[in-house]
Structure formats: structure tokens, C-alpha cells
Amino acid sequence: MSFPRPNGLTAAWLALVLITGISVYAAEFTPWRLVAVGAIMTIAAIKGLIILWGFMDAAAAPAGIRGYMIGWVIACAIMILAAYAIPIHLT
Amino acid sequence: MPAVETDLHAGWQKPPGIWMFIAFDCGSFALFFMVFMVQRAAQLSLYDASARLLDFRLGLANTLLLITSSWLVALGNAAGRQGDLARTRQLLWAGFSVASGFAVIKGFEYAAKLSAGITAATNEFFTFYFALTGVHLLHYLIGLTTLGYLALRAGRITTPLDRVAYVRWLDGGALFWHMVDLLWVYLFAMLYLIGAR
């Protein structure tokens, strides 16, 4: 396993900056809140995966920890989105 | 010396101990996120009105500072793995400097809230806001101190054996710093963005 190359790290950083901008745009300018929050949490999960893979080099982590961390990133985003959406549908 | 060099450049794995800590810490934060969102569901209007009192531009600035700092630290970690500790030291100090802006902005944000009469006792949203960002700030301070220490140490490595030990500490310190960045991704989304308008 080799450490991520500087070019790969820079690509990860640029991607993180770009999609952070998109999530702020979605939060501010998307008229449908549920769509906006869906976009915000999807982008949060993508950012989490980029940090895990690009910066933390999760590929070099023990397999169990790697699976747990990927699950954590995705589960947190789904949980926050679901907890946002469910009360809207109940009211 | 050749044996040490071989060890440094051989296939490697991040230290499992720090990964265990990160897994536990992230699990704890996931519970905090869940409690926040469940409580929010019970008082939607209060939480949304309170969230609108936060300035998302400050949260955005802090996000960009942490992302950039994480990138510089990752570059420093890569340079360390390649044995270029002078470059590691430069990049760690660069990461440290950029990351310091986070504390400045967070201090400004806390001061603005307190001067407006908003404290942790104002309502439940702000209890969570100060608690979650406060615990994160504690992680940030530990991470920043570690970065400073690693940057100082990088200039004092004299033997190949020291270098191997240093790179292991560098791996662990960098991982911790990236976790601070990772946790902020969710705090920014949950506190600043989903109730932004």
C-alpha cells in the first residue's frame, strides 16, 4: 500500500472545496427544503468519504476499522436526513 | 541502517491504536448527532429560528480552513513517509498556521453570541450548539498542539531509527487532525446548513 500522492491529495482538497461551495449554495438557494437537506447530507457523506480515502488513507487501515468508518460516514448522513424528513411528513 | 531504511519504505499500515480511538470518538459523536436531531424534531420552530441566528459564512470559513489545513498536513505526512522531514516541517507549520484561523473565527463567533446575550442557557438549540462545538474545539486544540509538537520534532530527528519512530507519530497525529476535519463536516451541515433559511 502506498501513501496517496501529492497530486491525489491536491485533487481531494479541490474536490472538497468545490462541493462545500455546492452544499452552501443548496442550503441558501434551493427552494425545496427537503431537496436542499438531501443535497447537503449527500455532499457531507461524499466529503467524509473523500477525507477518509484521500487524507486518512483508509485503504491502509485494518479492514474492520475501514468498514466501520465508511459505515459511520454514510449512516450519519442518512440518520440526519431521516431525522429531518420524518417530522415534516408527520406534521 | 539499511534495515531501518527498508522498514520505513516498506508496505505499511496506519497505527491500529489511533484508528480504534477514532472509531470510538466518531461513534460518540454519532450519538450526539442523533440526540440533537431527535430533540430538534420535538421543537422544530425553536431549532430553525435559533439556527438562523448562526452566521453560516463563519461556519463556511472554518470549513475551508480545516479542509485546507488537513490537505497541508496530509502533504506533510506524505513528505515524511518519503523521508523529506524538512518539507514535512514546512507543511506542518503551514497547516498549523491555516488551522489557527479556526480558533480566531470560533472565538469571534462565541464572543458575538455572548455579546448578543445568547448563551448555552438561552434555549435547547444553543445548549447543543455550545456543547457540540465546544467538544469539537477541545479536539481541535489537542490536534493543533500535536501538529505544533510534530513540526518542532521534525527539525530534531538525527538518526534513521528516530525517523521511523517519528513517522509513526506523524501518521497518528495526522489521522487525529483529519478526524477533527471529518467531525466538522457533519457539525457544519447539521448546525449551520440544514436550518439556514
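What pattern does chain B follow, read along the sequence?

A: This is a predicted model. Read along the sequence, chain B runs α-α-α-α-α-α-α. That is 7 helices and 0 strands.

Start with the overall dimensions. The C-alpha trace of chain B spans about 65 × 30 × 25 Å along its principal axes. Chain B has 197 residues, and 54% of them are buried. Now take the contacts in chain B between residues at least 6 apart in sequence: 83% of these join residues at least 24 apart.

One salt bridge shows such a link across the sequence. B:R81 pairs with B:D171, with the closest N and O atoms 3.1 Å apart. B:R81 sits in helix α4 of chain B and B:D171 in helix α7 of chain B, so the pair ties together parts that are 90 residues apart in sequence. B:R81 and B:D171 are both buried.

Over all chains, the structure holds 4 salt bridges. Side chains of opposite charge can pair when their charged atoms come close. Two further pairs in chain B are worth a look. The side chains of B:R40 and B:D48 form a salt bridge at 3.0 Å, N to O. B:R40 counts as buried because its relative accessibility is 3%, under the 20% cut-off. The side chains of B:R57 and B:D55 also meet in a salt bridge, at 3.0 Å, N to O. Here B:R57 is exposed, at 56% relative accessibility.

Next, the side of chain B that touches chain A. The contact takes 48 residues from chain B and 48 residues from chain A. Between them the two chains bury about 4100 Å², and 76% of that area is on carbon and sulfur atoms. Helices α2 (16–42), α4 (56–81) and α7 (160–193) of chain B each supply at least two residues of this side. By class, the side of chain B that touches chain A has 33 nonpolar, 10 polar and 5 charged residues. Salt bridges between chain B and chain A number 0. Polar contacts between the chains come to 8 residue pairs, counting pairs with both residues at pLDDT 80 or more.

Now view the contact from the partner's side, through one residue. A:T20 is placed in helix α1 (residues 6–29) of chain A. A:T20 counts as buried because its relative accessibility is 0%. Leaving aside neighbours within four places in sequence, A:T20 is in contact with A:K47 and, in chain B, with B:L60, B:T63, B:L64, B:I67 and B:F188. The A:K47 contact includes a polar one: the side chains of A:T20 and A:K47 meet at 3.0 Å.

Last, the confidence in chain A. Chain A averages a pLDDT of 91, and 92% of the residues score at least 70. In chain A, confidence is highest in helix α2 (residues 33–55), at a mean of 96. It is lowest in helix α3 (residues 63–90), at a mean of 92.

To draw the picture together: chain B has 7 helices. Buried B:R81 and B:D171 link helix α4 to helix α7 of chain B. Helices α4 and α7 are also among those that supply residues to the side of chain B that touches chain A.

Conventions
Residues are numbered from 1 along each chain as its sequence is written. Chains are lettered from A and ligands numbered from 1 in the order in which they are written. Side-chain values use heavy atoms; hydrogens and water are left out. Contact means heavy atoms within 4.5 Å. Buried area is the accessible area (1.4 Å probe) that two parts lose on being put together, summed over both. A polar contact is a pair of N or O atoms within 3.5 Å; within protein, one must be able to donate a hydrogen and the other to accept it, and residues adjacent in sequence count only if both atoms are side-chain atoms. Helices (H or I, at least four residues) and strands (E, at least two) are DSSP runs, numbered from the N terminus. Ala, Val, Leu, Ile, Met, Phe, Trp, Tyr, Cys and Pro count as nonpolar, Asp, Glu, Lys and Arg as charged, and the others, Gly among them, as polar. Buried means under 20% relative accessible area, exposed over 50%, partly exposed in between (1.4 Å probe, protein chains only). pLDDT is the predictor's confidence in each residue, from 0 to 100.
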